[in-house]
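Hi there,

Here is the structure I promised to pass on. Have a look at it first, and my notes come after.

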Amino acid sequence: MSGAARQVLRSAWAKAAGWTAAFYVMTLPLLGAARALWIALGVAALQAVLISLDHLTPGARQRFRRVVAGGGVLAGRLGRMPGWLRTALPLVLLTAVAASGLGLGPYTLDVATNAGIYVLLALGLNVVVGQAGLLVLGFIAFSAVGAYTYGILGTQFHLSFWLALPLGGLLAACFGLLLGLPTLRLRGDYLAIVTLGFGEITRITLNNWNSLTHGPNGILGIPPPSLFGFTFSQPRHYFYLVLALVALAAFCSRRLERSRLGRAWVAMREDETAAESMGVPTLRLKLLAFMIAAFWGGVAGVVFASKQLFISPESFNFLESVMVLCMVVLGGMGSVPGVILGAVLLAFLPEVLRGVAEYRLIVFAVAMILLMQYRPQGLWPSSRRFEESAAETSP
Amino acid sequence: MSALLSIAGLTMRFEGLTAVDRMDLAVEEGRIVSLIGPNGAGKTTLFNCVTGHYAPTAGDVHLSGDLISGLQPHTIARRGVVRTFQNIRLFPAMSALENVMVGRHCRTRAGVFDALLGTPAVRREEREIRERALALLEFTGLSAQCDQQARNLPYGAQRRLEIARALAAEPKVLCLDEPAAGMNPRETADLMALIGKIRDLGVTVFLIEHHMNLVMAISDRVAVMDHGVKIAEGTPEQVQRDPKVVAAYLGEEEHRARA
Amino acid sequence: MTSGSAFLQQIVNGLTVGAVYALIALGYTMVYGIIELINFAHGEIYMLGAYFGTIAAGALLVAGVPAAAALPLALVAAAALTGLYGLSAERIAYRPLRKAGRLAPLITALGLSIFFQQLVLLTQGAKDKVFPFAITSAGIALGPVRVAYIQIVILAVAAALMVGLQTFIQRTSVGRAMRCTAQDPLMASLVGVPVNRIIALTFVLGSSLAAVAGVLVVVYYGKVNYLAGYTAGLKAFTAAVLGGIGNIPGAMLGGIFLGVVEGLAAGYIGGEYKDVVAFVILVLVLIVRPQGLLGVRVPDKV
């Protein structure tokens, strides 16, 4: 072994020792001496494995990273599908899911319906984050608007669910207009923070405006949807309602993606100044994306209220906004199938981790951190987003 | 002929630096007007004021008599003043064709509901956008590259693509910011021919350039800026002979050489 | 108490809270200034500092160290441990993403924030953690206003640290290196500044300051909870934005201002809406004057 290689190895071991000691010290106060020692040993073992790997198979780790990050294989292959297949496949999937609804038990249907509501939220957020490229951190506030619209109008004025559905969406969209007008000219990070602020202001206001919203006690006795005398009572009913809405939202997203509007959004994302110079009214289009996303958020909120039959401000907290954002990022921003995948995965996570429920959030957090390290474009990115991130990171 | 684009008393000040100082310039319809001057003279700043990226500190810009200075860039583009950029600003991950299609945005109308409903009118409009874009790519000699990603195109092709994209917006005045930068003589000659063809279409061309051969060969009028001020204006021959222009470009050395 | 003295009392209380916000805000502003990252995990860092201080103080007491010595020792321990956490976060999670655009670091920061929160929840439980010894609530009377000794300590420590930091940044060569890395990292590296180490130092400094704030708060209120990081973090972030994100004196100014305004609001509007004050200020600042009070607006180059 050459002197230089020996030097590299020595410094690697030194760093490994340093990190092991650091992790021991860091976890000691929280976990106690015994468990901290286990953690430290685990860290040491992991580093030993990595150092050995690097020494015995140099470059393998980097190659692995590239494969994981670059594997747009599935997207690529699907992108080359003939047109008829591309339209047929989602329809087939939709039929399959609808058919399965007949056979599944009520518990599974309930879980699936909840997942479906998240999918709806994620599809909405995708319009503004994935397609228009704006960072929004307080999205759940739009859901709250929809939910409370139905909650208040449904309990006090017996507003029909079927009227509340579009109304909740429209009110949420108006809310989006009000929020967006003063804020959408802000730069990326700042916009994210402002939306976070608005989200929290919404929640706190809902929590304290007792006369309108009953504050932290929430609104009880929200009427379930009813159609010609038939009232929704079983999970199966909600399942099909949500499935229909998801199909509609997905269809609308795809249509917009391929339109003049979708093209303008992509241009805006890639170079806002240039787009503006070509006559693309960027502010107006950002506002439009924001309002469309808010609409779907509101719709999801109405459905949520009609299913839970009870709402309170606690359901619309910052963590929910983060969750929906992570669904979009996990699946692949801007990609409708990706976003659906991401939402389904994260929505089913609590089910998968049923046995270790208290670890759900920490697992989620670690997963997101790792995802950003190894595959930031998400699991199933749209080919365009894939190219864009390649364009961004290459010199 | 009346001035299509008239710049009057335009001043742009940034926190103590006056980049453009009381600039007057009239660009007549159907002409090719070039703006030259040493680096840092304020030429691109002037462009930015004309195209709406900056709101001028003082003075104004009129297009066919209508005031356009201070308006948003996209509004000015829609009115008919479209530009290219000194450092090429294409949409990198979009194909050449898609780039040009975006240029058609301000001349087309399909909105959200149109897109969702997919009416025959919308589909027809999309077809037209595509055909126009292909025609423009052909006009600029880029037909072969229509499906390639903009960032993968060779430099000269990227410059031409930017021009094609700008033309898609049907400008009355096409503002080119150093279109020949970094081009070899062969590419520059092609560019000259292209600009000539553009003028033949009836588009007025307002350009910033450093390539003297290009400027002198194709311009109808040349204006010279230095330190934010217009120091000369006239036909290419007049400007070439103007001692102030020579001094601005060659600076002190020329004086010292003569002394 | 007359309304005038109530007003002054609120000011005093507000200044104390504001000093804490300022200490935390410094961490946000320094990190944003140097790598343009909003470190969402910073609020949790503050919370970790509070927990470490409490645990260290408890351990020291058990070991027989007198309370008067245990407190400053616990402060140092908390600062050191939290500094390690900040360093690890930077090195393991943020550094690989330096060139990765805006979204990936933001999601990572959110993930880290949840991670730290859950880490404390799982290891220390959801109940409040109580500081092992109570601090006297005695104080002195300054006219109509009563200032507790602990408040004086908080204000003094915060002031000393802020002055110290400002001196460090302005007068030392390392501080100069930090300033030039904040302005132009590429140039800084070209002139020989060890940019990676400077960035790591920024994280360590910011985390330590937040830890001190955490310990001071847990001493003041007697207890801390794993959720404390979220609210305090957002408020401190508001303070940083208010002062001008990236601007160190701005963070100090913003913190004090926010603390005082919040205190007055709590006194006159009512406690429940107190939390809204910070968010409303945040939204207003970003809409009306995004560069904050002391920041400079940088126009985009076309």
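First, the ground rules. This is a predicted model in which local features need pLDDT of at least 70 and side-chain atom pairs count only at pLDDT 80 or more, while totals for chains, interfaces and linings use all residues. Residues are numbered from 1 along each chain as its sequence is written, chains are lettered from A and ligands numbered from 1 in the order in which they are written, and side-chain values use heavy atoms, with hydrogens and water left out.

Helices and strands are DSSP runs numbered from the N terminus (H or I, at least four residues, for helices; E, at least two, for strands). Axes are lines fitted to C-alpha atoms, for helices over the stretch in contact, and angles run from 0 to 180 degrees between N-to-C directions.

Let's start with chain C. Helix α3 (residues 67-94) of chain C packs against helix α8 (residues 195-221) of chain C at an angle of about 140°, their axes being 7 Å apart. That angle makes α3(C) oblique to α8(C); under 35 degrees counts as roughly parallel, over 145 as roughly antiparallel, 65 to 115 as roughly perpendicular and the rest as oblique. The crossing of α3(C) past α8(C) is right-handed, meaning that the near helix is turned clockwise from the far one by less than a right angle, with anticlockwise giving left-handed. The contact (heavy atoms within 4.5 Å) includes Gly83(C) and Gly86(C) of α3(C) and Ser207(C) and Ser208(C) of α8(C). By class, the residues of this contact of α3(C) with α8(C) are 14 nonpolar, five polar and one charged. Here Ala, Val, Leu, Ile, Met, Phe, Trp, Tyr, Cys and Pro count as nonpolar, Asp, Glu, Lys and Arg as charged, and the others, Gly among them, as polar.

Also in chain C, the axes of helix α2 (residues 42-62) and helix α4 (residues 103-124) of chain C come within 9 Å and cross at roughly 25°. That makes α2(C) roughly parallel to α4(C), and the crossing is left-handed. Among the residues that meet are Tyr51(C) and Ile55(C) in α2(C) and Phe116(C) and Val120(C) in α4(C).

Now for chain B. Its open sheet has four strands in the order β2-β1-β4-β5 (chain B), with antiparallel pairing; two strands pair if DSSP finds at least two bridges between them. The edges are β2 (17-28) and β5 (66-67) of chain B, each with a single partner strand, so one side of each has no neighbour in the sheet. Eight bridges join β1 (residues 3-14) of chain B to β2(B), and Ile7(B) stands opposite Leu25(B) in β2(B). Helix α1 (residues 43-50) of chain B lies across β1, β2 and β4 (58-63) of chain B, at about 115° to β1(B).

Which residue takes a positive phi in the hairpin of β9(B) and β10(B)? It is His227(B), with phi near 50°, and the hairpin has two residues between the strands. Five bridges join these antiparallel strands, β9 (residues 221-226) and β10 (residues 229-234) of chain B.

Finally, the count comes to 26 salt bridges over all chains, each a side-chain nitrogen of Lys or Arg within 4 Å of a carboxyl oxygen of Asp or Glu. One of them joins Asp189(A) to Arg102(C), with the closest N and O atoms 3.2 Å apart. This pair crosses between chains, from helix α9 (residues 188-208) of chain A to the loop between α3 and α4 of chain C.

Best wishes
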